[in-house]
Structures are given as C-alpha cells and as structure tokens.
Amino acid sequence: MSQTVVRPPQIRRALGKKRAGGLAILFAFMLFFYGPLLYMFILAFANSYNFPAIMPNEFGFMWWDYVFKQPNTLVSITNSFLFAVCSTALSFVICIPAAYALARFQFTGRKLVMFLFLLGNAFPKIGMYTSMGIIFYKVGLMGTFMGVLLIHMLGTMMQMIWLPAGAFRSVPRHLEEAARDAGAGPLRTFFKVTLPVAWPGIAVALLYAFIGSLGESVGTLFVGLPQWRTMMTEMYGVILDFPATAGAVFALLLIIPNFVLLLLMRKYIGAETMAKGFKMS
Amino acid sequence: MSMLEIINMTKLYKTGDGVKDINLTIREGELVTLLGPSGCGKTTILRTIGGFLNVDGGDIRIAGQSIIHLPPEKRPTSMVFQAYNLWPHMRVFDNLEFGLKLRKIPRAERARRISEMMALVKMSGMEKKYPGQMSGGQQQRIAIARALLLEPQVLLLDEPFSALDAKIRQQMREELRKIQTDLNITVAFVTHDQEEAMALSDRVVVMNKGNIEQEGSPQDIYHRPQSRYVADFIGEMNFLQMPDKKVLAVRPEHVEVSPGSGGDLDGYVRTIMMLGHYIEMTVDTDHGIVKAFISDEQAQSFGRGDAVTLRFGRKQEYTTP
C-alpha cells in the first residue's frame, strides 16, 4: 500500500526538478537568441578589444565616431529610410484595395492570386534577382531609384496583401451594412468603418513591410550599387574592410528603427492578428 | 395606410434557394413578424427591403415609392442585426451621431436627439462607453436607438434578441413593443422564435421554404392554423392519425381528461410531469400518444396506468397528401 501513496515532499521534489529543468531550457534559449545581441552591444562600445581578453579593454564611442565620419554613412541611412517609406507607402496604396477585394468578393482565380503573391517568395531570391537584373538592364532600370524601389516592393507587396486581406476578412459584414444603412456610401463606409476596424492587422503589415525593406540587401546590391547605397549594402563593405566593432555599430544603427517601430506598434502585434492574416479562405 | 408593399417579389440564390412571388403589406404603425425556421427565406425578405440584396423580380414600395433601385444608404429603412451592430472603434455617442452627421443635422440638435434617445432606451450615461465595454443586451439597446435616430419609415429587425439571455430577451421584447406603439413605428421583425412572434406582433407571417404559409393575427395563427405545418410550428399540438388520411390536431390545453370511458378517445395515463404552473400528462391511445395540460388538483386524482377518457375542445382537421 505504501507504494501507491505519493507523499507531499516527493511531489515537491518532482515539481522542483521539473521547474529547474524548465529554467535551464529557458536560459539556454535566452542565451541562444539574445547572446549574440548582447555581444554586439559590447562590441559596438568597445574602443579596443584584443584577444585573449573576455571583455573589451576599453569602452567608448570611438567606432561610432568612425562610422559617422564615413562619407557614405549618412547618405545610406537617408536612402534606407527613403526606400522603406516609399516602398511601404506605394505597396499600401496598391495592395489595400486589392486586399479588400480578395477578402470581400468571390471571383474566379481569387485563391490563385493569393498564391501567386507567395510564389515570389518561394524561389531562392538570388535567382530571381538575376533574371530581374537582365530585364532591368534591357529597360534601363539598373542603378536607378525606380529599379531599387521595385526590388523592395517585391517583399513589401506580399506583406501588404496577406495580412490586410486577413484583417479585412475578419471585419463583420454587418458593421459595413450598418454604415450603409445609416446613410454612408461605399467609400465612406470603407474609410470610416472597414479600415479603422481592420487597422490593427494593417498596422502590423505596414510594420513588417517597413522593417523588411530596411533589411533588404541582396537585391539592392544587385540593382542599386554603386549609385544607390543603403545601410544594408554599406554594412557589407564595413564588415569586409573594417574590424568587427565597426560592423557592430552599424548593426545597432539598423536595429534602432526596428526597435522603435516594434515598441510603437506593440499593442497591435499578437498571435491573433498573425493567424488571421495567414488564413486562406 | 400601407407603409410597405412587397409585390410579387422574387429573389433566388445560385443554389436555387430563396423566395418566390412574395406578396406582403405592412400598414403604418404595424409590427409584422416574419416567422419560420432557418432557411425559410425570412431574412432574405428583410435584406431585400433593406437593400442588401437585389430582387430578381417584382417590386418593393415604401409609402407608395418603389425602392428596389436604391442602394441601402438611400432607402428610408434602417436595420438592426442579430449581432455586430455597433462599430467597435467608436464610442456609443459617435455610433449614434454617425447617421445624424451624414444628414447634416446641426451639432446642438444632434446632441439633443441623442440624449432623448438614450433616455428612451434607458441607457442615459453610457454615451462615453465603447461597445466592447457593454453587455449584449445593452449593445442591442444602442443598436435599436441608432436605428430609431435615423427616423426610418420602416424599421427592420433581424433576430435582434436571439443572442441574448432568455430573461433579457423577454424584457427587451416588452420595451420594444412599448416604444413601437408609443412612437407609432412601422416594423418588420424577423424571428425563428414563435413565442417571440406571438408576444410582439400585430400580425404574424409564417414562412416555409421560401413561401408564405399563413398570415394573420397571433390569435388567428394559434387557434386557426391553416396547414399542418403551421399547426406544428406554432405552439404545442397533438396530431392524431384518423381514417381516410385525415389528421386531427388538438392543442394540449384543449384536451380534457376524465376517469372512465365514453369521451372522444379512451386511453391509459402514461406519464404525469410537473412543469411549473401547469402539469403535463401524456395518455396512450389507439391513435398515438396525446399530451394534455391539466391542473394540479386534477393531477392528484390520477396515477400511472389509470384508464381515462379524453374530450377535445377546439380542434382542427387536416388531410395528409
């Protein structure tokens, strides 16, 4: 009989072990995800950092000074934001009506259209950029603002279709009908009711599009250099030519806008919004 | 004066469902209920009146004017849905103000009308709340208020109380009926709840598979159902198979039970069940089980298996095809 009785201390011990195990796994994950980030922080503020020291020999802003004195740094930051703002805004204008149509109207080929937007991301990007490059050469888009913008929009358009279509789909039709009933025409109904109610999902899409554009590098290298430099393409040069500390400074510069945006939008970002966005019904 | 006229209206969906050749008139100040099970076409009719569905044939007129070519925003109707009525990103006040603003009513006048309406639906003081902060019943009150503020010539209600608790539903019914008679509003009300239809309506339209089965006052529908379908759908009804494919329909409250034999039908007591303010007895007869509502005292004098005889008060006869 005594074997079947579980005594409280045993339970506690078992739970304690489990919790300790869980904590260990959590710690391992945290280290895995945030370790490199932490290391980058340390690197960025290290004036000198020589083997075999574990921590930098001297902290300071030396490399920040250095990075900002590079002739291309400020230009590339401006360009990065210019492309991010333009590609996000332009894909917003193009995709929002399309997303609404995909969400609300039943037409033949609807699902195919949704799928085609994914297809652009299904291939290895480099292959696609090569073929785009060939076309761009022929039509004279190489090294132009429009060319780089198109490359960026390849990514932002997908973000601005799928998530907003999901957001529109989850707006109850009755809300729109009630607005029509109250005397609002279709356009007013869209701007006063549909868009505000779907806004959380669209805000997330804007965020991802913006961050995605800021992070675009390979296509920009292909099409833009040397006329158009962004922070991402500069980063390649910095990493190749200078010590790791300069790269860390650049990486931090890239993180700042993303971090600020995530912070601003955090109330909109949730598993639910994402889940709604990636439903294909 | 007839406020709403539906003339030979047809609306068919691609699936073949829908309504065909509907004729219906609602007088000014009348509350008419469209009653039927889901899929009978009642909501289809309501949505064609509101302008959310186009008709395939026939006409709909309000105060003598055809409205079938008008979009919803141009129609003199307003609709209250079962759920998702209120715009969740607007406060109650803004929800109510939306339609008034579109009608270019001055600010002071808007505020006055809204506060009056809030008092009418007993929601004064809730102007600053968001819909998400209110109960389902409160939201429907606001939805009704919003519809009334538009001063529609015909108010359309699509199962507005179906999502509410039984108690609140009853209270809302009573209040709606009071407001409707006080303001003399013309209402088309859709429901699948026959009790609700009986309680609310001046006239009930019973629907079945896209057709109007019967229309009349609640008393008419209840006491003189013209078809077996209506008799079955409204209230409780005993159906007794008779010779020559005839079916006798008797309501349980019209079955009188007495000991012995010699009545319309003899049988044996099967069950006696206490159901609150009345008692339900079922009796085994040669024509099937008959349900009767009896009083408490009567129930005392019967036991299971007793031989009883039944006498039928009001009854209807139908022929089965």
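Me: How many residues of chain B are in contact with chain A, and how many of chain A with chain B?

Reply: Two residues are in contact if their C-beta atoms, placed from the backbone, lie within 7 Å, and here 17 residues of chain B are in contact with 14 residues of chain A. This is a predicted model, in which local features need pLDDT of at least 70 and side-chain atom pairs count only at pLDDT 80 or more, while totals for chains, interfaces and linings use all residues. Residues are numbered from 1 along each chain as its sequence is written, and chains are lettered from A and ligands numbered from 1 in the order in which they are written.

Me: Which elements of chain B give two or more residues to the side that touches chain A?

Reply: Helices (H or I, at least four residues) and strands (E, at least two) are DSSP runs, numbered from the N terminus. On the side of chain B that touches chain A, the elements giving two or more residues are strand 6 (77-80) and helix 2 (92-102) of chain B, and helix 2 of chain B provides the largest share, three residues. For classes, Ala, Val, Leu, Ile, Met, Phe, Trp, Tyr, Cys and Pro count as nonpolar, Asp, Glu, Lys and Arg as charged, and the others, Gly among them, as polar; this side of chain B then divides into ten nonpolar, five polar and two charged residues.

Me: How should I read the domains of chain A and chain B?

Reply: Domain bounds come from an automatic or database domain assignment. For chain A the assignment gives domain 1 (8-59) and domain 2 (69-277), with C-alpha centres 34 Å apart. Five residues of domain 1 of chain A are in contact with six residues of domain 2 of chain A; helix 1 (residues 8-44) of chain A gives the most to the domain 1 side, with three residues, and that side has five nonpolar, no polar and no charged residues. Chain B is divided into domain 1 (2-229) and domain 2 (237-319), whose C-alpha centres lie 40 Å apart, and the contact between these two domains of chain B takes four residues from each.

Me: Why does A:Met153 count as buried?

Reply: A residue is buried if 20 or more other C-beta atoms lie within 10 Å of its own, exposed if 12 or fewer, and partly exposed in between. A:Met153 is buried because 22 other C-beta atoms lie within 10 Å. A:Met153 lies in helix 6 (residues 145-169) of chain A and, not counting residues up to four places away in sequence, touches A:Ser87, A:Leu90 and A:Ser91.

Me: Which residues have the most contacts inside the largest nonpolar core?

Reply: A nonpolar core is a set of buried Ala, Val, Leu, Ile, Met, Phe, Trp, Tyr and Cys residues joined through C-beta atoms within 7 Å. The largest one has 136 residues, and those with the most contacts inside it are A:Ile161, A:Phe250, B:Ala145 and B:Ala188. Helix 6 of chain A gives the most to this core, with 13 residues.

Me: What is the strand order of the open sheet in chain B?

Reply: Strands of a sheet pair through backbone hydrogen bonds, either parallel or antiparallel, and two strands pair if DSSP finds at least two bridges between them. The open sheet of five strands in chain B has the order 13-17-14-15-16, with antiparallel pairing; its edge strands, each pairing on one side only, are strand 13 (255-259) and strand 16 (288-294) of chain B. Seven bridges join strand 14 (residues 265-274) of chain B to strand 15 (residues 279-285) of chain B, and B:Thr271 has B:Thr282, in strand 15 of chain B, as its bridge partner.
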